[in-house]
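Here is a short briefing on one protein chain. Look at the model first, then work through the points below.

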Amino acid sequence: MTYFIAQILPYITVTVFVLGVVYRLWRWAASRIVHNITLSPFPQTKTEVAGIYLREILLFRNVFNFDRPLWVGAWPMHIALLNVIGGHVVGFYFLGKQFVYLGASEALSKYLSNLLGTVFGIILLAGLLYLLYRRIAIDKVRQVSNPSDYLMLLLLISIVSIGNFMRLVPEYGMHYEPVKEYFTTLILFQPAAIPEGNPFFIAHLLLAQILIMILPFSKLMHLFGMFGMRWIENRVYKEPAPGLPNVDVAAGRARGTGLSSAGSTDVA
């Protein structure tokens, strides 16, 4: 079973993830937008659009404005998740010595890497538990929740809990070197180095792969979908809307079919 989880399943996981994401993005891109749904006030330049993007992606402005209790849990959780994923990639690639490039000693760099990973892991777990509590305890949230919402949260909580356990209990932790060697052999299609003797790492790896395979077919695709949604809703206003089929604005105005003049604020 360990051989399958560590040597075969990763290639299946990447294949399912890539094909699933490409399929979902293709479905979204192929959908026609039959009317202009840019939200008012309309940004006038692409710089303004970029500003809206940054405020939404970095600060979750809409969530902050319309559901402050949700923002309290969701924003820290997403920031922690970003740092945990980035920390995994950077930490294992540089073997915990990434802060050496900022002037720290190797010992201090490894200490900071472990400390930040632990802190963000705890914040991430706390945020996930808070979001689960909201789905269970708040009636209006519970009414719009379905079983998959709870299962995804429980899966994320399990992955993060095992990761935090390995960090907080050193005898069950993983050193940088064997993990880097393991992923290097996978990337080179020479899978040979299986980190052995740590069932928690194998469980962590298995659950993470399950999550990655499910992601393209779940609500977690908002990770990619939010960019397209922001573009549709906040792009520079143009008439007619991009994607509007078979529309001749000038001919429509000449016939008096209801197309307003450029800049008009009339609402049909």
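Helix 5 passes helix 7 in a left-handed crossing. A crossing is left-handed if the near helix is turned anticlockwise from the far one by less than a right angle, and right-handed if clockwise. This is a predicted model: local features need pLDDT of at least 70, side-chain atom pairs count only at pLDDT 80 or more, and totals for chains, interfaces and linings use all residues. Residues are numbered from 1 along each chain as its sequence is written, and side-chain values use heavy atoms, without hydrogens or water.

**Overall make-up**
- The chain has 11 helices and zero strands. Helices (H or I, at least four residues) and strands (E, at least two) are DSSP runs, numbered from the N terminus.
- Of its 268 residues, 31% count as buried. Buried means under 20% relative accessible area, exposed over 50%, and partly exposed in between (1.4 Å probe, protein chains only).
- Take the contacts between residues at least 6 apart in sequence: 68% of them join residues at least 24 apart. Contact means heavy atoms within 4.5 Å.

**Helix 5 with helix 7**
- Helix 5 covers residues 106-137, and its axis lies 9 Å from that of helix 7, at an angle of about 155°. Axes are lines fitted to C-alpha atoms, for helices over the stretch in contact, and angles run from 0 to 180 degrees between N-to-C directions.
- Helix 5 and helix 7 are therefore roughly antiparallel. Angles under 35 degrees count as roughly parallel, over 145 as roughly antiparallel, 65 to 115 as roughly perpendicular and the rest as oblique.
- Their contact has 15 nonpolar, seven polar and three charged residues. Ala, Val, Leu, Ile, Met, Phe, Trp, Tyr, Cys and Pro count as nonpolar, Asp, Glu, Lys and Arg as charged, and the others, Gly among them, as polar.

**Helix 7 with helix 9**
- Helix 7 (residues 147-168) packs against helix 9 (residues 199-214) at about 150°, with axes 9 Å apart.
- This pair is therefore roughly antiparallel, and the crossing of helix 7 and helix 9 is left-handed.
- Residues of helix 7 that meet helix 9 include Leu-155, Ile-159 and Phe-165. Among their partners in helix 9 are Phe-200, Leu-207 and Ile-214.
- By class, this contact has 15 nonpolar, three polar and no charged residues.

**A loop residue**
- His-175 sits in the loop between helix 7 and helix 8 (176-187).
- His-175 is exposed, with a relative accessible area of 61%.
- Pro-195 is 20 residues from His-175 along the chain, and their C-alpha atoms are separated by 9.8 Å.
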